[in-house]
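Subject: A structure to look through

Hello,

Here is the structure I promised to pass on, with my notes below it. I hope they are handy to keep open beside the viewer.

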Amino acid sequence: MLLPSSDWLPQAPLDLLQLDWLTRSSIEVAILRLDRIDPLISGNKWFKLIEHLKAADLAGTKGIISLGGAHSNHLHALAAAGKRFGFNTVGLLRGHPQETPTVKDLQAFGMQLHWLGYGGYRARHEAGFWEPWREQYPDLFPVPEGGGGLPGAKGCMRLKVMVSEQLNGLGWSDYDGWWLACGTGTTLAGLVLAEAGEHPVYGALAVPDDHGVAQQVESIVQEAGLRDPVYELFDASRGGFAKVDPVLLAFIAQTEQACGIPLEPLYTGKALLALKQQVEAGRFAKGTRLIFIHTGGLQGRRGFCPKT
């Protein structure tokens, strides 16, 4: 069995975000702290994995093979889950061998690594990509980059339930929408499916348009058969994936000092800065209540924030 026992049920607190720019605009934001569900299997990564693990169990496989980069939160969570729950993991990595804090962890967790180069990694969407890897690892179940696809989205649908169960604790009877970072669009797609048009979902793109997030979200929604999905995507990439600039780092430092919530610069930091820009531009009416998802990924800070 790849799945953990039923007594391991990750829970995330929902807290009001206290920041001056929200107060000035009369906007309320509650932050779902997925970074706090587990020290290693953190953030939205577990939710994207759960349905893939179920499918792997049904297929009778002994583990998971998946893809990511040298700072991949997905591979980090997958490797940690494999070590903790006793299943095999293999990672196919973008680029050429390098040592990063994440890569060292993957090796320590027992993940077998293969570096694909950049051209080899770009081929991950091509027909036949998985065939040689299935031959080499017949007992492993292939999972798309980031735990994506419809199974990954379905696992994220439960985030709506997690939030709904905690609204009364905030004194809220309802909310007006979601705001979150998008790397593959899987978590956003899951929320869109869970909402089925009841509340809009706003995605802050942490990657440029050419990464195909919009197409991936549309594909998942269509495969699920949802009509009239309600979501909107905003560019928050700041020039490219993993592009970090002084304005972003200063915003993260100021925000952490103001509210005590740790952020990282690739996803959650960019998403919160993009929300601030939209709020100050008047995108949301006074009194709007939003759910902001902290998607975790704090382990990735080590590659960009030397003091952490």
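Before the details, one term: two residues are in contact when heavy atoms of theirs lie within 4.5 Å. Please also keep in mind that this is a predicted model.

Leu-248, Phe-251, Ile-252 and Thr-255 of helix H12 meet Gly-269, Lys-270, Leu-272, Leu-273 and Lys-276 of helix H13. H12 covers residues 246-259 and H13 covers residues 268-280; their axes come within 10 Å and cross at roughly 90 degrees. Angles of 65 to 115 degrees count as roughly perpendicular, and H12 and H13 are therefore roughly perpendicular to each other.

Next, strand S7. How many of the six residues of S7 are buried? Six of the six, across residues 177-182, so S7 is largely enclosed by the rest of the structure. S7 pairs with strand S10 (residues 289-294) in the parallel sense, over three bridges, and there Gly-177 stands opposite Leu-290. S7 also runs parallel to strand S8 (residues 201-205), joined to S8 by five bridges, with Ala-181 opposite Ala-204. Together with helix H10 (residues 186-195), S7 and S8 form a β-α-β unit that is right-handed.

There is also an open sheet of four strands. Its order is S5-S4-S3-S6, and the pairing is parallel. Strands S5 (112-115) and S6 (140-142) are at the edges and have a single partner strand each, so one side of each is left without a neighbour in the sheet. From one strand to the next, the twist averages 25 degrees. Strand S4 (residues 88-93) runs parallel to S5, and four bridges join the two; in one of the pairings, Leu-93 has Trp-115 of S5 as its bridge partner. Helix H4 (residues 101-108) packs on this sheet, where it touches S4 and S5, and the direction of H4 makes about 135 degrees with that of S5.

Leu-150, Gly-152, Ala-153, Gly-155 and Cys-156 are buried in H7, and the buried residues of H7 pack against helices H2 (45-58), H8 (158-164), H10 and H11 (213-224).

Not counting residues up to four places away in sequence, Lys-160 touches Tyr-175, Trp-178, Leu-191, Ala-194, Glu-195, Glu-198 and His-199.

Most residues other than glycine have a negative phi. Ser-26, although not a glycine, has a positive phi of about 55 degrees. Ser-26 sits in the loop between helix H1 (20-25) and strand S2 (28-33) and is partly exposed, at 36% relative accessible area. Asp-228, also not a glycine, has a positive phi near 55 degrees. Asp-228 is placed in the loop between H11 and strand S9 (231-235) and counts as exposed, with 66% relative accessibility.

Lastly, His-211 is in the loop between S8 and H11 and is partly exposed, with a relative accessible area of 39%. His-211 and Phe-241 are 30 residues apart in sequence, and their C-alpha atoms are 9.2 Å apart in space. Leaving out residues up to four places away in sequence, His-211 touches Gln-216 and Phe-241.

Happy viewing, and best wishes

Definitions and conventions
Residues are numbered from 1 along each chain as its sequence is written. This is a predicted model: local features need pLDDT of at least 70, side-chain atom pairs count only at pLDDT 80 or more; totals for chains, interfaces and linings use all residues. Side-chain values use heavy atoms; hydrogens and water are left out. Buried means under 20% relative accessible area, exposed over 50%, partly exposed in between (1.4 Å probe, protein chains only). Two strands pair if DSSP finds at least two bridges between them. A crossover is right-handed if, with the strands pointing away from the viewer, the path from the first strand over the helix to the second runs clockwise. Axes are lines fitted to C-alpha atoms, for helices over the stretch in contact, and angles run from 0 to 180 degrees between N-to-C directions. Angles under 35 degrees count as roughly parallel, over 145 as roughly antiparallel, 65 to 115 as roughly perpendicular and the rest as oblique.
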